[in-house]
Amino acid sequence: MNKKEETFRKIVRDNEYRITGICRYYSLTEEDQKDMYQEILINIWKSIDSFRGDAQLSTWIYRVAVNTAMGFSNKEIRRQKIFLEQTDGNIQNLIDIDENCAKEKEKLFRRLENQINQLSVIDKIIITLVLESVNHKEIASVIGITEPNVRVKVHRIKNELKEALELVNI
Amino acid sequence: MTRNEENINLNELIIKLQSKDSKWKKLFKITFVSICIYILFPIGIFVFEDDLRFRIAGILATIAFGLFAYYFRKYSKAYDNINYHESLKKVLYDAKIRYSYFPKPARYITIPAIILVNISELLMIVYDWSNIKLILMVQISYIVLIGLSLFIAWIWWTRSYKPLWLSIKQLLDELDEQ
């Protein structure tokens, strides 16, 4: 086993949950998730030589995952749809949901999913990272904008989603 | 995805990726060597011709093809190797340059090369420098040829890459706004 292969295996093993976490938001079926997972692994392999350790490994992984989700190899940037899972505890990162009303919760989930999919490409990416509990500093590093800018964007997106959900409820 | 299933996939994937790596390296080597062989022609003119005009033409053509080779070596890789590990903004910025029509880095290398080929061509074709008509004919045909190539490239770019380039531009604007 050469060094590249060894590093690759270690990175994949240690960050499996991060990669699958991102894949989950961008693919509905298990088959699609697997395809995307594989695509991310291919891009990790291609980029592995350039990992110098100046960024955190988790940031590096998220960068590769997010850039893969954008789908630059195609002639168009993918208009990715985001899928939420009801079992996702991280949804609390976005809005407050009353755990007691199971029926309402399901409806709210679908509405939220619908609203998220109406966001712009960049906002969708930011939201998936927020859902993954990635902190603002790391999101800034993944996206390439300043931390205050991330904070402003997250705040705006949350407000937009909240307003939209309230409007639907009326 | 179970851990076992994934391990098997990982093994297969590594083998595929390693063979892809070596295939790309091979292809790159072959193309680069082909360009280098082609450069031997103007070098030949420079070395074996007695006439000073031809020798100068040979050296100019050698420099021009050398520039083309350099451009190929530097940028052809960039089309296949997107730096996925960079921040999204950097990737978008690079993609904006890569997918633009006649990108700036290409201009800095290919325009001097085109001019050098033109001068070299003139030196080889025109014997009598007072023959303005011939000089003009060579120049006009060369400009038409280059113009036509640029026009075809523009049509191809408009159809294939302009939509992508515009959406990348839009995403970059979106990233910059608060």
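**Surface, helices and salt bridges of the predicted model**

A nonpolar patch on the surface is formed by Val33(B), Ile37(B), Leu40(B), Ile43(B), Val47(B) and Phe48(B), which together have about 580 Å² of accessible area. Patches are made of residues with over 30% relative accessible area and no salt bridge, where nonpolar side chains (Val, Leu, Ile, Met, Phe, Trp, Tyr) are joined within 5 Å and like charges within 9 Å. Accessible areas come from the Shrake-Rupley method with a 1.4 Å probe, and for residues only the protein chains shown count as cover. Leu40(B), one of the patch residues, lies in helix α1 (residues 3–48) of chain B. Helices (H or I, at least four residues) and strands (E, at least two) are DSSP runs, numbered from the N terminus. Leu40(B) is exposed, with a relative accessible area of 52%; exposed means over 50%, buried under 20%, and partly exposed in between (1.4 Å probe, protein chains only).

The structure is a predicted model, in which local features need pLDDT of at least 70 and side-chain atom pairs count only at pLDDT 80 or more, while totals for chains, interfaces and linings use all residues. Residues are numbered from 1 along each chain as its sequence is written, chains are lettered from A and ligands numbered from 1 in the order in which they are written, and side-chain values use heavy atoms, with hydrogens and water left out.

Chain A contains seven helices and zero strands. Of its 170 residues, 52% are buried. Among the contacts in chain A with a separation of 6 or more, 66% involve residues 24 or more positions apart, a contact being heavy atoms within 4.5 Å. The accessible surface of chain A amounts to about 8500 Å², and carbon and sulfur atoms account for 47% of that surface. In chain B, helix α6 (residues 162–176) has 15 residues and reaches 21 Å from its first C-alpha to its last, close to the expected 21 Å; the expected span is 1.5 Å times one less than the number of residues. Buried residues of α6(B) include Leu164(B), Trp165(B), Ile168(B) and Glu174(B).

Side chains of opposite charge can pair when their charged atoms come close. Nine salt bridges were counted over all chains, each being a side-chain nitrogen of Lys or Arg within 4 Å of a carboxyl oxygen of Asp or Glu. Asp49(A) forms one with Lys4(A), with the closest N and O atoms 3.8 Å apart. This pair links distant parts of the chain, 45 residues apart: Asp49(A) is in the loop between α2 (30–47) and α3 (57–70), and Lys4(A) is in helix α1 (residues 3–26) of chain A. Lys4(A) counts as buried at 19% relative accessibility.

A salt bridge also joins Glu132(A) and Arg24(A) (3.6 Å, N to O). Because Glu132(A) lies in the loop between α5 and α6 (136–143) and Arg24(A) in helix α1 of chain A, the pair ties together parts 108 residues apart in sequence. Glu132(A) is buried, at 14% relative accessible area, whereas Arg24(A) is partly exposed, at 21%.

Within helix α7 (residues 147–169) of chain A, Glu160(A) and Arg156(A) are four residues apart and therefore separated by about one helical turn. Salt bridges that share partners join these two residues and Asp123(A) into one network. The closest N and O atoms of the Glu160(A)–Arg156(A) salt bridge are 3.0 Å apart.
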